[in-house]
Amino acid sequence: DFSREPEEWHPNRGNWHIQNGAYAQLSPNVERDGPGRLADFRSFAGSPEWTDYTVSLKTRRIGGSGGFAVIVRAMDNGSWFACHVDGSGGAWVERSYETISTRLASSSMSPLETGRWYDVAVEVRGPRLQCSLDGKPVVAVDDAYSEIAVPLMEAVANREEKTGEILLKIVNFSAQPQKAAIKLEGAGNI
């Protein structure tokens, strides 16, 4: 019931208020978590002690190209599971533990329509999570607690437009030094 400001909801970031009978995030999405990364605006309800349950809601995109995420089993702001639906036609289940996120399952679907209301349900049953849109399952994972295979190394490269510099970040997840060959497509001569 969103006839008044909900006491059981706790905004983490963003400007959350009742607007036209709906709990809405009203901030323009211009905050940044890091270089080039838009911040997530979150509001939490419920308890970490909840076990098997279903979160049901209606949501709509009122502008832009983004989508939404429904967070479940949140222990805190850095440890949770989420069902994501992006605006361009992707859905996935993500696990975050102490702010390290891993995509557990993904699928394709039709892109979200701006202005259209969607019925969303996220079912949480033991280790199984399933996200449905308008009564149809869009993504699920049977064992959200399974071990995650961590790669030995990860790398990302970006070009600084103003200076032309190439920024390369390489992370070695193992306890041992690793050898690597680096090939930057489209970088020209370095």
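The following legends describe close-up views of a predicted model.

**View 1. An open sheet of four strands.** The strands follow the order β8-β9-β10-β11, and their pairing is antiparallel. The edges of the sheet are formed by β8 and β11 (100-108), each of which pairs on one side only. On average, neighbouring strands are turned by 20° against each other, with direction ignored. Strands of a sheet pair through backbone hydrogen bonds, in either a parallel or an antiparallel arrangement.

**View 2. The pairing of β8 with β9.** Five bridges join β8 and β9 in the antiparallel sense.

**View 3. Arg73 in the loop between β8 (68-72) and β9 (80-85).** Although Arg73 is not a glycine, its phi is positive, at about 50°. Most residues other than glycine have a negative phi. Arg73 counts as buried because its relative accessibility is 15%, under the limit of 20%.

**View 4. Asp134 in the loop between β13 (128-133) and β14 (136-141).** Asp134 is a residue other than glycine with a positive phi, near 50°. With a relative accessible area of 32%, Asp134 is partly exposed, since this value falls between the limits of 20% for buried and 50% for exposed.

**View 5. A nonpolar patch on the surface.** The patch is formed by Leu168, Ile170 and Ile182, which together have about 250 Å² of accessible area. Leu168 belongs to strand β16, which covers residues 166-172. The relative accessibility of Leu168 is 39%, and therefore this residue counts as partly exposed.

Key
Residues numbered from 1 in each chain as written. Predicted model: local features only at pLDDT ≥ 70, side-chain atom pairs only at ≥ 80, totals over all residues. Heavy atoms only, no water. Patch = residues over 30% accessible without salt bridge, like charges linked within 9 Å, V, L, I, M, F, W, Y side chains within 5 Å. Areas by Shrake-Rupley, 256 points an atom, 1.4 Å probe, with all protein chains shown as cover. Salt bridge = Lys/Arg side-chain N within 4 Å of Asp/Glu carboxyl O. Helix = DSSP H or I, 4+ residues; strand = E, 2+ residues; numbered from the N terminus. Buried < 20%, exposed > 50% of the residue type's maximum accessible area, 1.4 Å probe, protein only. Pairing = 2+ DSSP bridges. Axes fitted to C-alpha atoms, helices over the stretch in contact; angles between N-to-C directions.
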